[in-house]
Amino acid sequence: MTPIRGPKYGTPEWLSLRSYDENRAEPAIISASHAATVCGVSEYQTPFEFYLRFLGQLPPIEDNSKMRIGRKMESVILSEYGIQFDRDVSIDSCVFFHPELPFIAATPDCFGRKLMSDPWFPVDSKHTGSRRFRSAYGDEGTDEIPVDYLMQANCQMLVCDADRQETVVFVDGELKLFEIERSQELCDAIIESFREMKERLINRDPPEPDYTHNSTVEIVKEIQKSGTGGVIDLPQDIVDAYVESKRIGSEINKLEKQRDLLKSRVQYYMRDHSTGVFPGGSAEIVKREVTMPGGYRDGYSYYRLDQKKRGKPK
């Protein structure tokens, strides 16, 4: 099946696809870059947050220097990818829609192929630091890439009717190549999750917040409104959550007081000394003065104790 070609990347028409539009034939079009999020497996965002941002109930994620640098590096990475791995490269910077499920979209960074007779396959370029690479990626030539990228790759293969994708990663001045075979199981999960999210967006039926995800606390704070005088009956599980939060808060206060007393004991023992050495000389505590910049406490300073290892004596 041939995908349906859409607007060019970065144009107003392309940007308009990133939000809900009831006047469009498909009011909710979801991109491959959100596949892991909508499927509930992203480390960065939850379906709940995606729903709110797509409907404009939360502001869009602000552009930052890392994102801008990534976009500027993309053309360089893809050009070197073609040279280093002997690939034909076709950069077609537009969005593609699934021919039978047009609410599913994808914008691959480019398309590649090994031989002139081979079919084109989607290619993504990524860049990362060495520490992140070691913890999140596996061996070159495998599909061991972060789940957000793996889901994005499968969604792009689904839309473009491809059996494979290559993801090239720039790390420490080198390119690392990963090869992803299309997973029908993941593609089926993407179709089901995208269809469910589409219906939720149309019907204004938000997903439940994921209270195990790190982003949920800040999202709830952002959407919370002050009381308007209404009254709501609380179910027992919400009451239990409130009571448990108060208990934990009380425990934290007790532990913070215990911590402060222990720290004061160390500070008093060190008094005017800037360094305290552990028995055997294996480590030391260094007292540093920290000054608060700006705000109502501008110029306020306090002493912080930092532990660090000691070098071997010469």
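Colleague: Is Tyr81 buried or exposed, and at what relative accessibility?
Modeller: This is a predicted model, in which local features need pLDDT of at least 70, side-chain atom pairs count only at pLDDT 80 or more, and totals for chains, interfaces and linings use all residues. Residues are numbered from 1 along each chain as its sequence is written, and side-chain values use heavy atoms, with hydrogens and water left out. A residue is buried under 20% relative accessible area, exposed over 50% and partly exposed in between (1.4 Å probe, protein chains only). Tyr81 therefore counts as buried, its relative accessibility being 0%.

Colleague: What angle lies between the planes of Tyr81 and Phe85 in their aromatic pair?
Modeller: Rings of Phe, Tyr and Trp (its six-membered ring) pair if their centres lie within 6.5 Å, and planes under 30 degrees apart count as stacked, over 60 as edge-to-face and the rest as tilted. A search of the whole structure finds 7 such pairs. Phe85 is buried at a relative accessible area of 19%. With Tyr81 it forms a tilted pair, 6.0 Å from centre to centre, and the planes are at 45 degrees.

Colleague: Over which ring does the charged end of Arg164 sit?
Modeller: A charge sits over a ring if NZ of Lys or CZ of Arg is within 6 Å of the ring centre and within 35 degrees of the ring normal. One such case is Arg204, which lies over the face of Tyr20 at 4.6 Å from the ring centre. The charged end of Arg164, 4.5 Å from the ring centre, sits over Phe121.

Colleague: How many residues of helix 3 are buried?
Modeller: Helices (H or I, at least four residues) and strands (E, at least two) are DSSP runs, numbered from the N terminus. The cover over the buried residues of helix 3 includes strand 2 (30–31), helix 2 (35–38), helix 7 (184–203) and helix 8 (216–223). Among those buried residues are Phe48, Glu49, Phe50 and Arg53. Helix 3 spans residues 47–54 and is mostly covered, the buried count being 8 of 8.

Colleague: To which backbone oxygen does the side chain of Thr216 reach?
Modeller: Thr216 lies in helix 8 and is buried because its relative accessibility is 4%. Setting aside neighbours within four places in sequence, its contacts (heavy atoms within 4.5 Å) are Thr46, Pro209, Asp210 and Tyr211. At 2.5 Å, the side chain of Thr216 reaches the backbone oxygen of Asp210.

Colleague: Which cysteine has the sulfur closest to that of Cys187?
Modeller: A disulfide is a pair of cysteine sulfur atoms within 2.5 Å, and the structure holds 0 of them. Cys110 has its nearest cysteine sulfur, in Cys160, 11 Å away. Cys187 is buried at a relative accessible area of 0%. Its sulfur is too far for a bond, because 7.7 Å separates it from the closest cysteine sulfur, in Cys155.

Colleague: What distance separates the C-alpha atoms of Leu150 and Ile180?
Modeller: Leu150 lies in helix 6 and counts as buried at 18% relative accessibility. Leaving aside neighbours within four places in sequence, it is in contact with Asp143, Ile145, Ile180 and Leu186. Leu150 and Ile180 are 30 residues apart along the chain, and their C-alpha atoms are separated by 7.7 Å.

Colleague: What is the relative accessible area of Asp86?
Modeller: Most residues other than glycine have a negative phi. Asp86 is not a glycine, yet its phi is positive, about 55 degrees. Its place is in the loop between helix 4 (65–84) and strand 3 (88–90). Asp86 is exposed because its relative accessible area is 62%.

Key: Polar contact = N/O pair within 3.5 Å; in protein donor to acceptor, adjacent residues only side chain to side chain.
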